Amino acid sequence: MSVELDVFVGNTTIMDKEVYQLWLNGYTVNDAVKVRIEGGVMEECEASAEVLLSDTMDQYRTFQMCERLLHHPAKLANQLLFQFHPQIPPDRQAMLIERYYAFDDSFVREVLGKKLSKGTKKDLDDVSTKTGITLKSCRRQFDNFKRVFKVVEELKGPLVENIRQHFLLPDQLARDYAAIVFFANNRFETGKKKLHYLTFQDFAFCAGQLINNWTLGAVDNIMDDMDVDLDKEFLQELKDLKILITDKDLLDQHKSLVCTALRGKTNVFNEMEANFKNLSRGLVNIAAKLINAKDVRDFFIDLVEKFIEPCRSDKWTSIDVNLYLTHYTNSAHILDTFKHHAVWTRYMGVIKSCILRMYHD
Amino acid sequence: MPGKLKAKIVAGRHLPIMDRASDLTDAFVEVKFGNTTFKTDVYPKSLNPQWNSEWFKFEVDDEDLQDEPLQITVLDHDTYSANDAIGKVYIDIDPLLCSEAATVISGWLPIYDTIHGIRGEINVLVKVDLFNDLNRFRQSSCGVKFFCTTSIPRCYRAVMVHGFVEELVVNEDPEYQWIDRIRTPRASNEARQRLIFLMSGELQRKIGLKVLEMGGNAVVGYLQCFDLEGESGLVVRAIGTACTLEKISSTLPATATHPSNSSPSKDMKEPGFGEEAPGVPLSSGPPTPLRAQTFSSFSPSKSYSRQSSSSDTELSLTPKTGMGSGGSAGKEAGPLKALLRQQTQSALEQRRVSSSSEAFVRTGEYPFFPLTAFPPGFLLHVGGVVSARSVKLLDRIHNPALGNTRSYKLLDWNSFTADEPETRDAWWEEIRQEIKSHAKALGCQAVVGYSESTSICEEVCILSASGTAAILSSRFMQDGPLDTEHRLSRQPLCVFSTGSERVEGDMGSSASLGFEEVVSPGCGFCHIPYDELNIPFPAQLTYCYCCRRYKVPDVLFTTIDLPTEANVTGKGCLIQARLCRTKKKAQGEGNATVISNLLPFLEYELHTQLMNKLKLRGMNALFGLRIQISIGETMLLGLASATGVYLTALPSPGGIQIAGKTPSDITYEQHISNMQKKINDTIAKNKELYEINPPEVVEEIIGSPIPEPRQRSRLFRSQSESSDEVSELDLSHGKKDAFVLEIDDTDAVEDIHALLTDFPTPAGFYSCNTEIMPGIQNWTSAIQMFTSVRVFRLNASLTSQGLNKIFSDLCENLLKSLYFKLRSMVPCCLCHLNFTVAIPEDELIQVAVTAVAMSFDKEQLLENGKQSGEKTLIKAITENDEQLQFNLELNAETPSPNPLSSPKGLSEVGSHLSARALSVDYSSFADRCSSWIEQLKLKAHTIRRGSVKTTSSMEKASPLPEGRSRSLRSNRSYSGSSVAVVKMTPLSFIPGAKIIKYLGIINMFFIRETTSLREEGGVSGFLHTFIAEVFAMVRAHVAALGGNAVVSYSMKECVFMENPNKNQAQCLINVSGDAVIFVRESELESTSVQTQSATTHTSNGAEGT
C-alpha cells in the first residue's frame, strides 16, 4: 500500500515558520522531517512520523507554489491564490519575503563581485561544498541576487530605495542587496587570499560609502541617474591628484605638514615618517588608476597592498591610522599649489572610512 | 422579454507573457452571452492592460438569463497567426436576477484556463436591468431565491414550507462525443464546463418554476449533483425544499430592497394563500390520514415497527437491478427475489403496487425535506433512518452506425436524449416511493434530512436515498392555521434563534397544537411515532428519561442535525464505520447482480460497526448519519459517518459483552476476559472524555423543565414498573440490554479489533460531522475551512479483512494528519467533517474530506449556569479584539463610532454581566423553565441570540447595516492593493458574526487537465494547485458580488484521473455554497451593550438557583 496523492488545502494558507526555514535552507523533505522529529514537535502533538512526513510535504508544496510570487513580492499583496491569516497579513507576508531574500554571509562572500552569470551558477556546487550550505539554498540565494540585479540595473533613482520598493525588503536587507548589486556591477575583486579576512559587512559598508559618494547619483540628486556606476567625470578628475606625488616640492611640503602635526602624538611616528612617501604614492596612484575599469576591480586589493599591509607590518593601531589619514587629508588643503580640493575631499573621505573599516585582523 | 445584461471590462493584471520576443502581451477581451459576442480593443504590449471598455449590452429573455453564463475570454492578439486564448471567466448572473440578492458584480476575477490554471485577473462590472414578466405561462423563474443552507437561512423566517422539489436534466457528455477525437483537450474541457453551466442554469430555472407553482418564493437546502455516466451521458439533478421565506425586517432595513422585489414575490404568494393552497403537496393524499394516526398513536398503547436503526437497514435491503436491456419489465426494474427478506417483502409489494397504480406520482406528494435543522417546534417526533438503494445498469447509447443488435434494441426506447430524463426520473421515482413506504412503516408522514446520491462504475450505477422518518408540526405547512403566522410575524426574531421562546408561546396560547403542550422540547422528538405493539424486531422501548411519559427507543439514528432544543449529556464525537469488500470482476448484468448480492451484507456490517462504536463511547444516538457506498471493479467501499451523542431522554446504553462459544479452554477464557476488560476500560475512559455522566443528573433534574414537573414525574414513577426502571439506570455492563459479541465469529474478532484500533482524538480536539458540537458554544472567530484529499494504491491480492484494515487506517491517519495540521487552533472542534470515498480505478481508494476547524475558549467549557454570564463577557471581549483586527484589515474606516469598544468599557459591562448573569430574554425563559443545567449549556446560544435580538431592534436607530456593508466594499476598493478576506465554511453560520444578507448561490464547476504532470509537482502538486485555485475563484466571485463569506460550502464532486505514464492528469471539481455578507456581532453590539447591561441590572436574578 502506498500513498499516491496527499494534499491539504486550507482557505487560509497554513505556513509553519520552522518548516519554511528548513525549506529555505534547502533541506530535503526527509531531512526536514528528521529535524522536526528531533525538535520534539511529535511529542507535543501526539503525531507520528508518517503524519509529520505528510505535513512537511504539504508545506513544501505550498512554499513551491508561493515561490513564484516571492520572485515578485509586490504581487504577493494582491494575488488571489493564497489567503493569509486575516488578522496578521502584513506581518506574515513581510516575514515570508524577508526570509526568502535573506542570505548567508559565508555564501555571499564567495560570489561577491563575481559576474552573476550562468557560469558562476554552475560553480555553485563548489561553493556549496566549501560553505556547507546546501546547493538548493545556494541556488536560491544566487537567483535572488541575479533577480534583484536585473530589475534595478535599468532603473533610475537611488539604488537602495529602488530595491526596497520593488522587493518590499526591510532597510538593512535592501542596503545589503544594494552592495551586492554594486559589487557585481563593478566586478570588484574580493576573492583574493589577502582579502579573505574581510567580512561581507566590511564590503557592504565600503559599497555604501562608494554608492553615496562616488556615483553619479551621489552628486546630482536632481538628475535621478543611476547609482550602480561610478561617476566617470570624477574618475577622470582623480588623475589630477597625481601632482601630489609627481611634484617633488609638493610631496615634501605635504610630508612636513603631516609630520609636524603628528609629532609626539603617536608611538609609531618614526615609521610613519619613513613610510610617508610610499603610502602617499600608493593612495594617489590608486586614485589615478581608477579611470581604468580593470583597476577599479582591484580597488580593494590595492588598498590592502598599498596601505593596510605596510601599516600593519609597522604595528599601527587603528587610532594611528585614523590620525594619520585625518592629517594627511587636511594638510593637502594647506598646500599653496594644490588646487583640486573638492576632488581630494570626495576621494579621501571614502578612502578614509573604507580603510578604517577594513583595518582589522 | 426581458432583461438587459450590461458588462464592462475595466482592466487586467498579472497576465501571462504571451509573446516571448517582447516578454509582453497584446491582450483583448471577448464578451459573450448566448450567441452575441462583443470585443474590446487590443491593449498592446502590457501585462496589466487598461481596457476601460464601453458598456456592452445584451438584450435577452430572462429564460436565457437564468440558463446562460456570461462568458469572458481573454485573448492575445496575433497579427499573423490565430489569436491565442489566455483564459476564460464564466460569470453566473443568477444572483443579479433576484432583487434581494446582489445588485452588481464588480471586482477582480481570476482568468482560468483548463490547461494552465489561473493566468492573471480581470476586472469587470456586470449589471442586469430586469423587466418583470407577469405572464402566467412563462418559462423563467427569476426572483426565486436559492440557498444551499439546509436550514432556514439566518436572516429569514419561514412563513410556509411547501415541500419537496426535484428535477433532473440529461445531456450527452461532450467528452464522449465523436468530435472529441479531433478537438484539443482544452476545447473539450471548455465544452464540458460550459455545458454543465448551462444545465445547472436550466435545472435551477425549472426548479424555480416548480416552486412558483407551489406558491413559494425560495428553495432551501438546494442540493445539486452530477452523475458522470460516461458514454450514456451526463445527468444533473437537484432536490430542495420549497418555502415561502420572509426577510426579518429588523435585521435589514429593507425599504430599499422590498419594493423592487414585491412584484415577483407577490406573484408567488397569491396562489399560495389563495385557490391553490389546499390542493398542493403535503395537505393532499396520504399525509393527512397519517397525521391523524400519529395523534392517536400518542397514547402509548398501539404499535408498529421499529428499533431505529437495525430495522431500517433491514428495510432498506432491497437492491434492485434494472434489467436495462429492453423488454416490458425494463421500466419496472425487477427486484432480485432471492434477496428479499420476509419483513421487507410487504413493504416492497406495497411499493410496487403504488408505483404501478399511480405510475408517475406528482413530486409534490413526497413529503421529503432535504433540511437538516428546523425551526423549533417543527420537528415533533423522529422515527429513525430510512434508506433505499437500487442497482441499475446504465443504458449505452451506441452510435447507430456501429451498433450491434443489442444496442438496436436499446435504441427503441432510449436513443433520444429526450427520453433519458424519463428513465432517470422513473428510477428516482421508485426509490422515493420506497423511502416513503419505509417512513410509513415507522408511523411517520415525512422524511427529513433527505438526500440522494449515486455511485457509478462503468455501466453499473447504485442510486441511494436516505433520510429520517419524522412527524412534523402542521404549523408551517400549507394548511397550518393562519394565526400561527401572525404570531410568528410579530416576533422580530428569526424563528430559529430562540427555541425556548417559541415553545413558551405554544404552551401559553395555542390550543390547536394539542399535545405539544405536554411535550417538553428537549425530549419530544425522541418519543416513538410508531405503534409499539407492531414492532417486527425486538426493540427495547422504555419510558422517556426526561418526561417519563412517552416511550423512547434505546438508540436513535438520524440523518439530521441535533435539534437545538435537545437535551444532551456531555459532548459528542465523530463515529465512523468503514468497510471494504472484494468482489469478482464482472460485466453488465452479472456485475449488477454481484453488487446487489453484496449490498445487504455491507449495510448490515456497517450498521453493526456503528452500533458497537456508539456503545463503546457510551452514547445512545447518532445524528447526521451519512452512509456512502462506492463501487469499483473489484471492490465495494462503505463509509458511514455520524456524530454520536448521549441523549438525556434515551436510556443509558449497555456495555459490550463478549461471549465465547467454546468455553472449554482456560487460556481462551482468559483471552476473552482480557478483551472484555479492555472494552470496559475504553467505555469508562470515553465516558470521562465526553463528560457523559447521566444517571445522577437525570435524577436531579427530572421533571424540572415543564410547569408542573414534580407531580408529573411522580405520577410517572408510580405508573411505570419502577423496579425495572431503577435497574436500567444502573451503568453496569452485562445487563440484559448489553450488546453481546460472540468471539467465535471471525467477524466479531474483526469488529473488536476495529473498535479498539480507533485512535482517540488528541487533547484539545473534538470532531463531529454535524453543524455544531453539543456542549460547545463559546466559539471564537477563528475558523479554518479546508479540503484534504488522499489517494491510496493497494497491493493486489488483499483479503477483505486486510482491505478493511487498510481502509480504516487510511481514514484514521487522515484524521490524525488533520489534527496535527490544525494544532495551532487548539482547543478546537472539527465541524461538518464530510468524508467522500471513491474508487477512481482498480486498486485505488480516494478519500476527500472537507470540514471547518473552529476554535473555542477553553475556560468557558466548565458548564455551570452561573458561568454563562461570564461566557458572554469573555465572548464580548474576544469579539472586541476581533473587531479591532477586522477594522485594521479594512483600513480602519468604520463608519459608526464605538463608544464602548475600549476594553475598559467592556470589562465594566462584563462584570455586570458576570455578576448578574443573564440577559433579558434568557431570564424570562429561565423563569419558566427553571434552571436545568443541561438545558443551560445549550442555551448559552440563546443568550447570545438574545443579545442579538436587542441589537437588531436597536439597529433601526443606528447606522444602516446596508450602509455598513457598502462601506465595507468601498473600503475594499479603496485599500486597493490588498485583497478582501473571504471566509468559507461548510456550516450555515459564522461564529461571532451575523449574516445580514444572502447574495445568491455559488455553484461552480471546473476542469483542470495537464500534460506535464511531473513538471507541476506530480499528482499532489497538480491537485494542490487546482484546489487552491478553486478556492481562489470562489473567493473572488463572492467578493465581486460584494460578499465577505461563503456559508454552507461544499465540494460535491472531486473526480481525479491520472495517467502517470503519459505524464497526464485530469480533475473535475464542483463546489457550491451561499455567498453572504456578515457583520461581526461585536460591531453590531457595541452600540447596544450599554442598554443591554442596563436591562440586565434591572431584570434579573433568577439565576443561581
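**View 1. Domains of chain A in the predicted model.** In this predicted model, the centres of domain 1 of chain A and domain 3 of chain A, taken over C-alpha atoms, are separated by 53 Å. The domain assignment of chain A places domain 1 at residues 17–80, domain 2 at 103–191 and domain 3 at 232–358.

**View 2. The crossing of helices α2 and α4 of chain A.** Helix α2 (residues 29–39) of chain A and helix α4 (residues 49–70) of chain A have axes that come within 9 Å and cross at roughly 125°, which makes α2(A) oblique to α4(A). The crossing in which α2(A) passes α4(A) is right-handed. On the side of α2(A), the contact is made by A:Val29, A:Asn30, A:Ala32, A:Val33, A:Arg36 and A:Ile37, while α4(A) contributes A:Ala49, A:Leu52, A:Leu53, A:Asp55, A:Thr56, A:Met57 and A:Tyr60.

View 3. In chain B, four strands form an open sheet of mixed pairing, in the order β9-β11-β12-β10. Because β9 (145–146) and β10 (156–171) of chain B stand at the edges and each has a single partner strand, one side of each is left without a neighbour in the sheet. Strand β9(B) pairs with strand β11 (residues 218–228) of chain B in the parallel sense over two bridges, and B:Lys145 stands opposite B:Ala218 in β11(B). Helix α3 (residues 185–214) of chain B packs on this sheet and touches β9, β10, β11 and β12 (234–247) of chain B, with its direction making about 135° with that of β10(B).

Definitions and conventions. Residues numbered from 1 in each chain as written. Chains lettered and ligands numbered in written order. Predicted model: local features only at pLDDT ≥ 70, side-chain atom pairs only at ≥ 80, totals over all residues. Heavy atoms only, no water. Axes fitted to C-alpha atoms, helices over the stretch in contact; angles between N-to-C directions. Parallel < 35°, antiparallel > 145°, perpendicular 65-115°, else oblique. Left-handed = near helix turned anticlockwise from the far one by under 90°. Contact = heavy atoms within 4.5 Å. Domains from an automatic or database assignment. Pairing = 2+ DSSP bridges.
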